[in-house]
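Please read the following briefing alongside the sequence and the coordinates. It goes through strand pairing, packing and charged contacts in turn.

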Amino acid sequence: MGERIKKLKKIRIHREGTNELMLSALIIVGIAWLLWTYLSTTIPFWIFIIVFGTAWLMALNFYRCPIRYFNGDTDKLVVAPADGKIVVVEEAEESEYFHDKRLMISIFMSPLNVHANWFPVDGKVKFVHHQNGNYHKAWLPKASEENEHADIMITTADGQDILVRQIAGAMARRIVTYAKPNEECYIDEHLGFIKLGSRVDVYLPLTARACVTIGQPTTGDQTVIAKLA
């Protein structure tokens, strides 16, 4: 598709969590100061610091946003759109858009994974569609169709349509999608963000060759999950 354009956001903490982290840190510091100042014993202070300090550090870990570059030629490559673990590699019937069988590759993200999502291919965004739904556990097969999800269709330079589906899980209740219709998109760009445990499905032509197996860990924007024909 010619020279790839990189629009990496130079941030270490994802923008989706900046305000929440700052506000919660101020609240924790304020309560800790009150406990330390006005109580005759320091035991409640230390219990509070250990419990809520640990929770805040876990949130900080969740919202981390590593800056990544894919090294090498991206032509015909499909990279992992998320950090996590491969839970599905199979031919599946996609009845909403393609109405035929596709190679489906799914990545489950635990609360400990980075939850930023990347574009898996270079191309142009054909459309973005958000669908309300249930909140089944993200690794269940029915989650792909019944859970709240956002669909992003990308057309590659040679005309192949790739569907990326961001899926909300039992804990995740907010899907953020940055992709816009008719905009060019590139590997290394952020596609969106999903809060807490969740999943991303990628639907590819049957002519694509999977490069991952069930249970394999993935690194978003780094792991090659398939090669297009």
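Ile86 has Ile107 in strand 3 as its bridge partner, and this pair belongs to an antiparallel pairing of strand 2 with strand 3 that runs over nine bridges; two strands are said to pair if DSSP finds at least two bridges between them. The model is a predicted one, in which local features need pLDDT of at least 70 and side-chain atom pairs count only at pLDDT 80 or more, while totals for chains, interfaces and linings use all residues. Residues are numbered from 1 along each chain as its sequence is written, and side-chain values use heavy atoms, with hydrogens and water left out.

**Overall make-up**

- The chain holds three helices and 14 strands, where helices (H or I, at least four residues) and strands (E, at least two) are DSSP runs numbered from the N terminus.
- Of the 229 residues in the chain, 45% are buried; buried means under 20% relative accessible area, exposed means over 50%, and partly exposed lies in between, with a 1.4 Å probe and protein chains only.
- Among contacts (heavy atoms within 4.5 Å) between residues at least 6 apart in sequence, 73% join residues that are at least 24 apart.
- The chain exposes about 11,400 Å², of which carbon and sulfur atoms supply 60%; accessible areas come from the Shrake-Rupley method with a 1.4 Å probe, and for residues only the protein chains shown count as cover.

- Eight strands form an open sheet in the order 9-5-6-7-11-3-2-13, with antiparallel pairing.
- Strand 9 (184-185) and strand 13 (217-218) stand at the edges with a single partner strand each, so one side of each is left without a neighbour in the sheet.
- Strand 6 (residues 149-155) has six of its seven residues buried, so it is largely enclosed by the rest of the structure.
- Strand 5 (residues 123-131) pairs with strand 6 in the antiparallel sense over seven bridges, and Val125 stands opposite Ile154 in strand 6.
- Strand 6 and strand 7 also run antiparallel and are joined by seven bridges, with Ile167 in strand 7 as the bridge partner of His149.
- The hairpin of strand 6 and strand 7 has five residues between the strands, and Gly159 there takes a positive phi near 90°.

**Nonpolar cores**

- The largest nonpolar core has 30 residues, of which Val78, Ile105, Phe119, Ile154, Leu204 and Ile225 touch the most other members; such a core is a set of buried Ala, Val, Leu, Ile, Met, Phe, Trp, Tyr and Cys residues joined through side-chain atoms within 4.5 Å.
- At least two residues of this core come from each of strand 3, strand 6, strand 7, strand 10 (190-194), strand 11 (198-204) and strand 14 (224-227), and strand 3 gives the most, with four residues.
- Leaving aside neighbours within four places in sequence, Ile225 is in contact with residues including Val78, Val79, Ile105, Val202 and Val212.
- Another core, of ten residues, lies apart from the largest one and has Tyr63, Val114, Val176 and Tyr178 among its members.

**Salt bridges**

- A search of the whole structure finds eight salt bridges, each defined as a side-chain nitrogen of Lys or Arg within 4 Å of a carboxyl oxygen of Asp or Glu.
- Asp83 and Arg68 form one of them, with their closest N and O atoms 2.7 Å apart; Asp83 lies in the loop between strand 1 (77-79) and strand 2 (84-94) and Arg68 in the loop between helix 2 (43-62) and strand 1, so the pair ties together parts that are 15 residues apart in sequence.
- Both partners count as buried, Asp83 at 8% relative accessibility and Arg68 at 13%.
- Arg165 meets Glu94 in a salt bridge of 3.7 Å, N to O, and this pair links strand 7 (residues 161-168) with strand 2 across 71 residues.
- Arg165 is buried at 2% relative accessibility, and Glu94 is buried at 3%.
- Glu96, in the loop between strand 2 and strand 3 (100-109), also forms a salt bridge with Arg165 (3.5 Å, N to O), although Glu96 counts as partly exposed, at 36%.
- Salt bridges with shared partners join Glu94, Glu96, Asp151 and Arg165 into one network.

**Cysteines**

- The count of disulfides, taken as pairs of cysteine sulfur atoms within 2.5 Å, comes to zero.
- Cys185 is buried at 1% relative accessibility, whereas Cys211 is partly exposed at 28%.
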